[in-house]
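I opened a notebook page for a structure that was new to me. Below are my entries, in the order in which I looked things up.

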Amino acid sequence: SGKQFVFGTTHLEAVNSWHRKRSTDLLRQYVSRKVEELGPDTPVFLTGDFNAVSESPEIQAMSSRSNGLEPMYDAWTAANGPETEAGATFRGLGLRDRMGHILMGPRRIDYVFYRPRLKVRMVDRIDFAAQLAILN
């Protein structure tokens, strides 16, 4: 279509929530600069492993309109509503993570944020582990 858009991906710190919150603040500042530079109708997409659940301060900060920063919208929530096990993306890589997964249950830590508000028709999580099992 020739329409301009901005796309980025990130992977936030897994252990320290202060670092994650600082990172989300920096990401929102960047998005706000891009919106100012390219105009409010230019779509911006930010994907990644945020290592935080939707109720966490760092994820809540992504969608808040504070300090003049542009809010972003969560595609999963826009398409599917409240959190469900179907959206869980945390798998647990090491023993500590697997224990946390067992104790805390499935949770979503990966996100697709966007702006301005768009109509999101569908968002789905692809379970690569299941896909690999089918291929083997």
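**Entry 1: Asp-74.** I began with the neighbours of Asp-74. Leaving out residues up to four places away in sequence, Asp-74 touches Arg-108, Tyr-111, Val-112, Phe-113 and Tyr-114. By contact I mean heavy atoms within 4.5 Å. I placed Asp-74 in strand S3. Helices (H or I, at least four residues) and strands (E, at least two) are DSSP runs, numbered from the N terminus. Is Asp-74 buried or exposed? Asp-74 counts as buried because its relative accessibility is 14%. The cut-offs are under 20% relative accessible area for buried and over 50% for exposed, with partly exposed in between (1.4 Å probe, protein chains only). I also found a polar atom of the Asp-74 side chain 3.2 Å from the backbone nitrogen of Trp-76.

**Entry 2: ground rules.** I noted that the model is predicted: local features need pLDDT of at least 70, side-chain atom pairs count only at pLDDT 80 or more, and totals for chains, interfaces and linings use all residues. Residues are numbered from 1 along each chain as its sequence is written, and side-chain values use heavy atoms, with hydrogens and water left out.

**Entry 3: the whole chain.** I counted five helices and four strands in the protein chain. Along the sequence they follow the pattern β-α-β-α-β-α-α-β-α. The protein chain has 136 residues, and 38% of them are buried. I then looked at contacts with a separation of 6 or more: residues 24 or more positions apart account for 75% of them. The chain exposes about 8,900 Å², and carbon and sulfur atoms supply 57% of that area. Accessible areas come from the Shrake-Rupley method with a 1.4 Å probe; for residues, only the protein chains shown count as cover.

**Entry 4: the sheet.** What is the order of the four strands in the open sheet? I read S1-S2-S4-S3, with mixed pairing. Two strands pair if DSSP finds at least two bridges between them. The edge strands are S1 (6–11) and S3 (73–74), each pairing on one side only. I followed S3 to its partner, strand S4 (residues 110–115): two bridges join them, and they run antiparallel. Tyr-73 has Tyr-114 in S4 as its bridge partner.

Next I looked at helix H1 (residues 17–38). H1 packs on the sheet and touches S1, strand S2 (44–49) and S4. The direction of H1 makes about 160 degrees with that of S2. Such axes are lines fitted to C-alpha atoms, for helices over the stretch in contact, and angles run from 0 to 180 degrees between N-to-C directions.

Gly-8 has Leu-46 in S2 as its bridge partner. S2 is mostly covered, with five of its six residues buried.

**Entry 5: aromatic rings.** How many aromatic pairs does a search of the whole structure find? I got five. Rings of Phe, Tyr and Trp (its six-membered ring) pair if their centres lie within 6.5 Å; planes under 30 degrees apart count as stacked, over 60 as edge-to-face and the rest as tilted.

Phe-45 counts as partly exposed because its relative accessibility is 25%.

Another pair is Phe-50 with Tyr-111, also edge-to-face, at 5.7 Å and 90 degrees. Phe-50 sits in the loop between S2 and helix H2 (57–63), Tyr-111 in strand S4, 61 residues apart. Phe-50 counts as buried at 0% relative accessibility. Tyr-111 counts as buried at 3%. I logged Phe-50, Tyr-111 and Phe-113 as one aromatic cluster.

Entry 6: Ser-23 lies in helix H1. With a relative accessible area of 24%, Ser-23 is partly exposed. I found its C-alpha atom 9.7 Å from that of His-11, 12 residues apart along the chain.

Pro-57 is in helix H2. Its relative accessible area is 54%, so Pro-57 is exposed. The C-alpha atoms of Pro-57 and Arg-20 are separated by 9.3 Å, and the two residues are 37 apart along the chain.

Technical notes: Polar contact = N/O pair within 3.5 Å; in protein donor to acceptor, adjacent residues only side chain to side chain.
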